[in-house]
Amino acid sequence: MPAVVSPRQRRNPRRHVITVAAATMAMVCASCVSTSPSGDVANHAGTTLWSDEVVPAVPADPDTGSAAVGTEFSPASRGEISAARFYQGSEDMKVDSATLWTSQGTALATVSVPEGPAGWREVPFDKPVQVKANEDYVISYNAPHGGYPTDSHTFASGRTVTSGWLTARGGAYARGSGFPNRPSAGVNYFVDVLFRPTGPTLRPIDGGTGYYGAFRNSLPTGEDFFPIGVWFTNTQTAADVAADRAMGLNTYVELTEPSNVALIADSGMFAIPSHGDPRAAGRLTADEADMWAGAGDAAWTGRGPPDSPICVPAEAGCGYTVMSTLRRTVPPGVMVYANYGKGVTFWEPRDAAAQFVNDFQNVVSADNYWFTDPSICHADEGGALLANGERPLSDPECRLAANYGVTTRYVRSLVQPRAALPVWNFVEVGHPFTEGTDRVVTGPQIRAAVWSSIINGARGIVYFNHNFGGPCRSYNVLRDACGDAVRGDVTSVNAQIRRLAPMLNSPFVDGLARSDAPIDLAAKLFDGSFYLLAGSKRAEDTDAVVTLSCGGATSVEVVDENRTIPVSDGAFRDDFADGNAVHLYRVRGGDTCGLG
């Protein structure tokens, strides 16, 4: 088995400039476990994406060809869709039918559309369609003679539209009729739904609480364990282990050959190295094979960077061969871990990326270093996820903690069946690159990136712990003087995670809390109380109103901040000072909406 390739030994990948369907940006969930609540769910007449006062910039496009146009969207609560809505630019515009689809193109409901006046129209389905929280859907209509309304800027550069429990993530288009499976490059066609939320539901953590118990000598399944890992250390002595434990670390992902796995295990820590060891908790098969071998089933020479050729023929992709070959070297019953990179998250088409994520390991991660990578803001890298590949990202929208959650969310969206395996996420504490070393990650940035990952569903954190650039080179930043500026913050956030691990391992509550402000928001139910996890998605100061759908709460306690905020009419307000702002809340008063 070849040595695991470090993040700096990369083959030049075959880049694919792709347009990532905005629907994959939704935080996805498993087949949500629905518990019928008996609590006081607010009485909502219905939510729409656009009000009747909204008028398209172009009421009737000059295109006269047959087309299916629609909107990709997701609800933040379970509920029902009772009608299709759309803007009709003129009385002469012809619409045959409207259809609600799954994101994969399965029709859930179709209704014929009679002739009608210009303006916003609402056409009810024969019966309401039940939809799940955080799942992706498409609402569309067929326009046999074109003439549909458009606005070219609504979804440009990855923008979204949020209204109540609904978020529209992009337009969709197809020539002719049927499922509109082509992203619209930012165009809005003003196709909408009438949605009514029906209350919160519980969603298990990805893989379930007992996931690691299916493997031999693996990670703990207890509620108080949350993996907090460190990448590629040399750990040979009790002093090494003690130093890492004091910082709140509990897992080693990759180790040098001389490292003492037995010592690590005897110390109550866990090791996932690339070499076999009976005391290890799992096996790392490869790092970033998507980048140095590419997607494909070509023959593999057994080489890895910097040696070449890697694939046969040299220009072919053999990453699937690499991963399946290495997977076969792992004994049965051992948990297999693999990490991927920009191939999965940026360059490969969605189906190719999904094959990496689903076929070769039991735990998966991807490393995108948004704070320090000198090229991640390019249009074909971070721009692929955040701007539909249309342009490079500006520093304020790229160098942002919330983007670690974007990476987590995207990788989770590739997992099939939904939420079938845990996704971990990498956060750098040093500098993974030899170039662009003027960017140095700070302690507050690390804390915010960690929480962004967790809010968006990461079940483990791995710290990239090397400094390959800058004045202080190190292969163990956190133990060396190079880490003096960030060690305190890393230790603090690790302690917070370990203390809150039982809550983090509890079910998510979809449909409990929402906000129209630019914040990431997740809810948990633990020990008879709701918890809310919130992190800023913008670099500037943000005033956020959070609305609760039920429960009758009277206040929220801001965890570890020594303050309490009153809840009035089911809502409370808080400030997020900058892009590193994270607040954790425990909901006080009221009940748990019948969820337990």
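User: How many aromatic pairs does the count come to?

Analyst: This is a predicted model. The count comes to 25 aromatic pairs.

User: What makes tyrosine 337 and tryptophan 424 an aromatic pair?

Analyst: Their ring centres lie 5.3 Å apart. Rings pair if their centres lie within 6.5 Å, so this value meets the rule.

User: Why is the pair of tyrosine 337 and tryptophan 424 called tilted?

Analyst: The angle between the planes is 50°. Under 30 degrees would be stacked and over 60 edge-to-face, so the rest, this pair included, is tilted.

User: Which parts of the chain does the pair of tyrosine 337 and tryptophan 424 tie together?

Analyst: Tyrosine 337 sits in strand 18 (residues 336–340), and tryptophan 424 in strand 20 (residues 423–428). The two parts are 87 residues apart in sequence, so the pair ties them together across that stretch. Both tyrosine 337 and tryptophan 424 are buried.

User: What makes tyrosine 369 and phenylalanine 464 a tilted pair?

Analyst: Their centres are 5.4 Å apart, with 55° between the planes. Tyrosine 369 lies in the loop between strand 19 (363–366) and helix 7 (382–386), while phenylalanine 464 belongs to strand 21 (residues 460–464). The parts they tie together are 95 residues apart in sequence.

User: Why do tyrosine 369 and phenylalanine 464 count as buried?

Analyst: Buried means under 20% relative accessible area. Tyrosine 369 has 2%, so it counts as buried. Phenylalanine 464 has 0%, so it does too.

User: Which residues do ring pairs link into a cluster?

Analyst: The cluster holds Tyr369, Phe433, Phe464, Phe468 and Tyr475.

User: How many salt bridges does the count come to?

Analyst: There are 23 salt bridges by the rule used. One of them joins aspartate 510 and arginine 203.

User: How do you know that aspartate 510 forms a salt bridge with arginine 203?

Analyst: Their closest N and O atoms are 2.8 Å apart. The cut-off is 4 Å, so the contact qualifies. Aspartate 510 is in strand 22 (residues 508–510) and arginine 203 in strand 11 (residues 201–203), 307 residues apart. With 5% relative accessible area, aspartate 510 is buried. Arginine 203, at 1%, is buried as well.

User: What makes lysine 342 and glutamate 381 a salt bridge?

Analyst: The closest N and O atoms are 2.8 Å apart. That is within 4 Å, so the pair counts. Lysine 342 is in helix 5 (residues 342–347), and glutamate 381 in the loop between strand 19 and helix 7. Lysine 342 has 7% relative accessibility, so it counts as buried. Glutamate 381 has 1% and counts as buried too.

User: Which residues are linked in a network of salt bridges?

Analyst: Asp52, Arg85, Glu122 and Asp192 are linked that way.

User: Which residues form a negative surface patch, and why is glutamate 540 called partly exposed?

Analyst: Glu540, Asp541, Asp575 and Asp578 form the patch. Glutamate 540 has a relative accessible area of 47%, so it is partly exposed. Exposed would need over 50%. Glutamate 540 is found in the loop between strand 25 (529–536) and strand 26 (542–548).

Notes. Residues numbered from 1 in each chain as written. Predicted model: local features only at pLDDT ≥ 70, side-chain atom pairs only at ≥ 80, totals over all residues. Heavy atoms only, no water. Patch = residues over 30% accessible without salt bridge, like charges linked within 9 Å, V, L, I, M, F, W, Y side chains within 5 Å. Areas by Shrake-Rupley, 256 points an atom, 1.4 Å probe, with all protein chains shown as cover. Salt bridge = Lys/Arg side-chain N within 4 Å of Asp/Glu carboxyl O. Lys, Arg positive; Asp, Glu negative; His and termini not counted. Charge placed at Lys NZ, Arg CZ, Asp CG, Glu CD. Helix = DSSP H or I, 4+ residues; strand = E, 2+ residues; numbered from the N terminus. Buried < 20%, exposed > 50% of the residue type's maximum accessible area, 1.4 Å probe, protein only. Phe/Tyr/Trp six-rings, centres within 6.5 Å; stacked < 30°, edge-to-face > 60°.
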